[in-house]
Amino acid sequence: MKRIRKIIAAAAALTLAVSLLAASVGCGPSAPPDASETQTGVSSPVPAPSASTTTGGGESAATPDGDTTAAKTEVTIGFTSIPSNYDPLTTGGHGSYMSLIYSTLVALDSDVNVVPDLAEAWEVSDDTLTYTFRLRTDARFSDGEPVKASDVVFSFNTMMTAEGAEIDLNAIDSVSADGDTVTIKLKQPRSTFILDVAGIGIAPEHLYSDDFGQNPIGSGPYKLAQYDVDQQFILEANELYYGKAPQIKRAVFIMMSDEDTQLIAAKSGQVDITLTSATLAATNTIDGYNLLVEKTVDNMGIVMPVIPAGSGTSALGNPMGNDVTSDVNLRKAIAYAIDREKLCRDALNGYATPAYSENDGMPWWNPESVIETDVEYARKLLDDAGWTDTDGDGIREKNGLKASVPVYYFAGDTARQATAMGAANQVLENIGVELVVTGLGEEDVMKIMVSQPMVLAWGSANPITSYYLYHSSSVGKDDWYDPESFGSPVVDGYLDAALNATSLEEAIPYWQKAQWDGTTGTSMRGECPYIFLVNKDHLYWRRDGLNTGEQMIHAHGAAWTLVANLKDWYWES
Amino acid sequence: MNRRLSAAITAGVILAVILAIYIGGTFLPESALRADFSQKGLPPSASHIFGTDFLGRDMFTRTVKGLSISLVIGAAASVISAFIALAVGVTAAMGRGWVDHAVNWFIDVFMSVPHTVLIILISVALARGVKGMLVGVAVTHWVGLARIIRGEVMQIRGRQYIAASRRFGKSPLWIARKHILPHMVPQFFVGLILLFPHAIMHESGLTFLGFGLPPEQPAIGIILSESMKYISGGAVWLAFFPGLSLVVLVLLIDKLGNTIRYLLEPREAQL
């Protein structure tokens with residue numbers, strides 16, 4: 001009897017173990033199937049593209065069979081973002097479907113140069129307040145109607161008043177059309193304006209309505225053929241596109257947000273290209289696939305409140321400031337104590353490069369923001385500022401205040417976690433300052449980020465990011481741009497000068513001085529509100545034979561930056 | 001060695017293991033869970049018997065820490081739950097007929113709702129976290145024990161000494177306190193201990209699904225859901241050993257409950 005019980009117990013243990021691994025809760029039958037599916041990924045098979053044929057109006061989706069027949073013109077992409085709204089005037093901006101479905105007046109090439117798109121030429125008046133764009137006459141929306149100057153005027157005017165638009169068009173005074181030219185008058189010079197224009201998709205006035213976002217029509221290289229909520233969207237080449245006809249005629253974007261789902265999808269040949277993480281990239285190889293490594297300005301850093309605790313509350317009533325991180329010497333000591341090359345190797349398996357600012361390598365970056373690791377200097381900074389380890393626990397104190405702060409990251413973001421933990425190890429070992437790396441849900445982050453350090457990531461092809469990050473006008477707003485409450489009259493001066501400069505080129509020295517002017521600035525040599533750590537490479541499993549063209553240096557976010565040049569992709573024969 | 005002694009030794013050993021996990025996990029220094037990138041992603045070996053994760057943290061240490069959190073939450077939830085059961089059970093049995101009917105009806109309704117769903121709802125409504133988890137498990141798990149206690153009380157109620165007390169004019173409350181509750185002690189303790197593994201499984205399961213403890217807690221459910229990212233890459237040890245440890249702990253507590261029942265009521269219980 002006893003033996004039988006033991007066998008039963010062992011069998012039960014095994015069953016339990018297995019069922020536990022298969023994502024069951026204590027009481028199996030009542031486990032919610034939805035929840036287990038979304039959370040585990042393992043138990044949720046990738047939505048097969050063919051499953052959509054029922055909803056696709058008879059259109060068959062891409063075949064995931066991986067046949068490499070001659071002249072393949074389709075691509076299946078494991079993607080992390082399926083928009084529910086494709087209206088260019090109320091959503092989007094840079095880094096979205098904009099360059100795929102819509103035309104913009106001007107575009108950016110792979111070297112971040114402004115090049116013609118819908119406008120074949122443009123002029124800027126001497127006072128830089130008037131932009132005149134001459135439109136090409138052969139552009140048509142995918143419904144066959146020509147793209148007229150009035151559509152451009154309509155799009156700009158709509159976007160200026162739309163809620164939720166991501167591009168700030170407050171500088172615009174008026175937009176008017178005359179034949180094939182569009183004239184935009186500005187209230188004040190704005191050096192980044194042409195970059196803003198590059199992010200504004202032109203919508204057809206004759207079709208625009210409240211549900212345009214679900215039935216988008218544009219004049220870009222692709223048109224939206226199908227869209228299934230949270231599952232997939234399919235783009236097909238727009239035959240009426242005025243530019244070079246794309247070789248990829250059909251692109252299926254399938255939602256897969258988990259790293260493991262992406263890996264399995266690639267291993268089973270269901271996708272031609274998909275995102276992956278530094279850990280999985282280093283520990284896996286997939287037959288028939290190569291690892292695409294794209295350099296980025298997608299920087300990760302620890303943002304530190306620069307004002308002491310008790311400095312009031314933010315707009316949403318969250319207490320601002322931190323007594324430890326408000327000491328600039330402590331912030332700089334942390335910045336100098338970190339060996340970033342080592343951090344790239346340790347935390348991200350080498351799939352990263354050291355980061356020194358929010359825009360390393362961009363034309364408006366100041367190379368003087370680069371700092372060398374200097375532990376001795378870091379220790380001296382702390383010693384001089386009165387931070388010493390008096391109780392021998394390996395962590396410095398000053399007037400009873402311990403040099404120990406939490407560093408929060410979005411729970412589940414393994415890259416941020418690893419990077420922060422790697423930095424924390426070095427900082428503790430080298431200078432006796434403790435960073436306690438802690439994961440937090442996004443909803444909780446908002447409440448504490450104005451008073452505690454946290455890991456954030458930036459990186460864009462527009463220098464206005466620096467303005468939003470560091471200008472004092474944004475202090476106290478509960479947005480991602482300004483949790484550190486940094487503001488300095490000197491830096492404000494440079495930022496204002498940069499934004500009000502007459503051209504991108506003229507603004508560059510000001511953007512650079514804002515980072516470091518020889519005595520102060522926003523970089524780690526200066527006031528150091530951010531401890532920049534690494535620029536994380538964007539990593540993808542790519543099927544052999546797929547050529548993804550020449551990509552612009554990737555901005556923050558690995559999904560849209562990959563496909564921005566989809567029209568240049570092709571299958572090598 | 002007689003069976004009673006061996007049962008006592010079994011109970012002692014299990015208690016010692018549980019205590020060791022609790023103490024080991026609770027008093028673990030912060031530094032033991034720091035990343036060590038020179039040791040990342042190692043399969044189980046002599047120096048890391050459960051292997052290491054992709055931050056180089058020892059999985060055995062993480063597992064012990066996670067289990068100790070589960071123990072605390074499980075203990076708190078089952079104690080609360082058991083007290084609810086005691087109160088409800090005794091009230092039903094000692095009250096008038098309609099009270100008993102009402103309570104029974106309520107228990108039936110409660111049992112008809114799948115309690116995992118109920119826990120998720122309660123936990124989410126209370127903003128998840130330790131509080132949501134505790135309340136969720138505590139208020140859904142008293143029903144079974146309440147039934148048992150009600151049955152026991154009904155039995156005792158019919159005894160002669162109760163009738164005698166009543167004739168002496170003692171109040172129902174007095175009778176309940178002096179004559180009935182002392183008899184409930186074995187059922188109460190055994191029921192409490194048997195609730196314990198259930199509570200732990202719910203805590204881990206719901207946390208795994210993302211409805212339980214917040215992700216910054218080094219809980220076992222978090223460890224398991226994290227590990228799912230790497231299983232497809234072949235790192236099965238990240239899930240297998242923590243999962244197995246959880247199952248073993250649950251079975252140990254179950255065994256403890258049955259052993260204690262045997263010690264308390266040797267005639268009714270079997271080992």
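Modeller: Here is a close look at helix α9 of chain B, starting with the chain around it. Keep in mind that this is a predicted model, where local features need pLDDT of at least 70, side-chain atom pairs count only at pLDDT 80 or more, and totals for chains, interfaces and linings use all residues. Residues are numbered from 1 along each chain as its sequence is written, while chains are lettered from A and ligands numbered from 1 in the order in which they are written.

Chain B has 10 helices and 0 strands; both are DSSP runs numbered from the N terminus, helices being H or I with at least four residues and strands E with at least two. Its C-alpha atoms fill a box of roughly 80 × 50 × 30 Å along the principal axes. Of its 271 residues, 48% are buried, and buried means that 20 or more other C-beta atoms, placed from the backbone, lie within 10 Å of the residue's own.

Now zoom in on α9, which covers residues 220-231 of chain B. The expected span of a helix is 1.5 Å times one less than its number of residues. For the 12 residues here that gives 16 Å, and the end C-alpha atoms are 16 Å apart, so the two agree.

How buried is α9(B)? Well, 12 of its 12 residues are buried, so the helix is largely enclosed by the rest of the structure. The buried residues run from B:Ile220 and B:Gly221 on to B:Tyr230 and B:Ile231, and among them you'll also find B:Glu226 and B:Lys229.
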